[in-house]
Amino acid sequence: VITNLHDSVHLLLMHAVVAEDVRARYSKRQWENRMQEVSSLVLGVGLSALGIHFDVPLQFTGGVVAATVIGVGGMHWFNSSKLKDAEEQLTSIEELSASFQRTHPQEVSEADEFYSAIWARIRDPLRLSLWRTGLSDFPAVSKSDVAKLQNILDQEIPRLRRLASPSHHGSKYT
């Protein structure tokens, strides 16, 4: 039972860490696009306000408003299509493997078979989970959640193993 718990926590921890890496990269692109759109909108509104303030002909001010609306709308459409492409790319097997290598560099460099086996087990379910939920709706994994899972691996599971075998040499539970 404890071995199954150990295995399950490792699976969940790797799933959470890799999924958070992918979600964070997607979120960064999403916020960059939003900032681009908002900046363009502010620029257009500012130019329109200046036109009104300095009594520029209404045709010019109206043209700036129209150009702003069309430009920001077009930028939003373009950014949405690029974000959809980025989501498809981020959830590809190749990019998920790159995320695994980024989030577990020591294990990859040491060619740790345990972590390779865990990765092989979660890669396809993770991809399906990210694809099904969508990166924009995928919940963030906090550092405290990861720390709690790590605590289970580092503290709780060894404690449970000690409790399960009290006659073990050097145990303080004898």
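Predicted model: local features only at pLDDT ≥ 70, side-chain atom pairs only at ≥ 80, totals over all residues.
**H3 against H5**

I looked up the handedness of the H3 and H5 crossing first, and it is right-handed. Residues are numbered from 1 along each chain as its sequence is written, and side-chain values use heavy atoms, with hydrogens and water left out.

I then took the geometry. H3 spans residues 93–103 and H5 spans residues 113–133. Their axes come within 10 Å and cross at roughly 130 degrees. That makes H3 oblique to H5. Angles under 35 degrees count as roughly parallel, over 145 as roughly antiparallel, 65 to 115 as roughly perpendicular, and the rest as oblique. The axes are lines fitted to C-alpha atoms, for helices over the stretch in contact, and the angles run from 0 to 180 degrees between N-to-C directions. Helices are DSSP runs (H or I, at least four residues), numbered from the N terminus.

Next I listed the contact, meaning heavy atoms within 4.5 Å. H3 brings Ile93, Leu96, Ser97 and Phe100. H5 brings Tyr115, Trp119, Arg123, Asp124, Leu126, Arg127 and Leu130. By class I have 7 nonpolar, 1 polar and 3 charged residues. The classes are Ala, Val, Leu, Ile, Met, Phe, Trp, Tyr, Cys and Pro as nonpolar, Asp, Glu, Lys and Arg as charged, and the others, Gly among them, as polar.

Which residues of H3 are buried? I found Glu95, Leu96, Ser97, Ser99 and Phe100. Buried means under 20% relative accessible area, exposed over 50%, and partly exposed in between (1.4 Å probe, protein chains only). The cover over these buried residues includes H1, H2, H4 and H5.

**H1 against H5**

I moved on to H1, residues 2–53. Its axis and that of H5 come within 9 Å and cross at roughly 55 degrees. H1 and H5 are therefore oblique to each other. The crossing is right-handed. On H1 the contact uses His6, Asp7, His10, Leu11, Met14, His15, Val18, Ala19 and Val22. On H5 it uses Phe114, Tyr115, Ile118, Trp119, Arg121, Ile122, Leu126, Ser129 and Leu130. I noted the split as 12 nonpolar, 4 polar and 2 charged.

**H1 against H6**

H6 covers residues 143–164. H1 and H6 pack at an angle of about 170 degrees, axes 10 Å apart. That makes H1 roughly antiparallel to H6. From H1 I recorded Ile2, Thr3, Leu5, His6, Val9, His10, Leu12, Leu13 and Val17. From H6 I recorded Val146, Leu149, Gln150, Ile152, Leu153, Ile157, Leu160, Arg161 and Ala164. This contact divides into 13 nonpolar, 4 polar and 1 charged.

Is serine 48 buried or exposed? It counts as buried because its relative accessibility is 8%. Serine 48 sits in H1. A polar atom of its side chain lies 3.0 Å from the backbone oxygen of glycine 44.

Threonine 68 belongs to H2. At a relative accessible area of 11%, threonine 68 is buried. Neighbours within four places aside, threonine 68 contacts Ser40, Leu41, Gly44 and Gly73.

**Exposed spots**

Leucine 58 lies in H2, residues 58–90. Leucine 58 counts as exposed, at 70% relative accessibility. Its C-alpha is 53 Å from that of serine 99, which is 41 residues away along the chain.

I checked two positive phi values outside glycine. Aspartate 55 has phi near 55 degrees. Aspartate 55 is in the loop between H1 and H2, and is exposed at 68%. Alanine 111 has phi of about 50 degrees. Alanine 111 is in the loop between H4 (105–109) and H5. With 55% relative accessibility, alanine 111 counts as exposed.

How values were computed:
Polar contact = N/O pair within 3.5 Å; in protein donor to acceptor, adjacent residues only side chain to side chain. Left-handed = near helix turned anticlockwise from the far one by under 90°.
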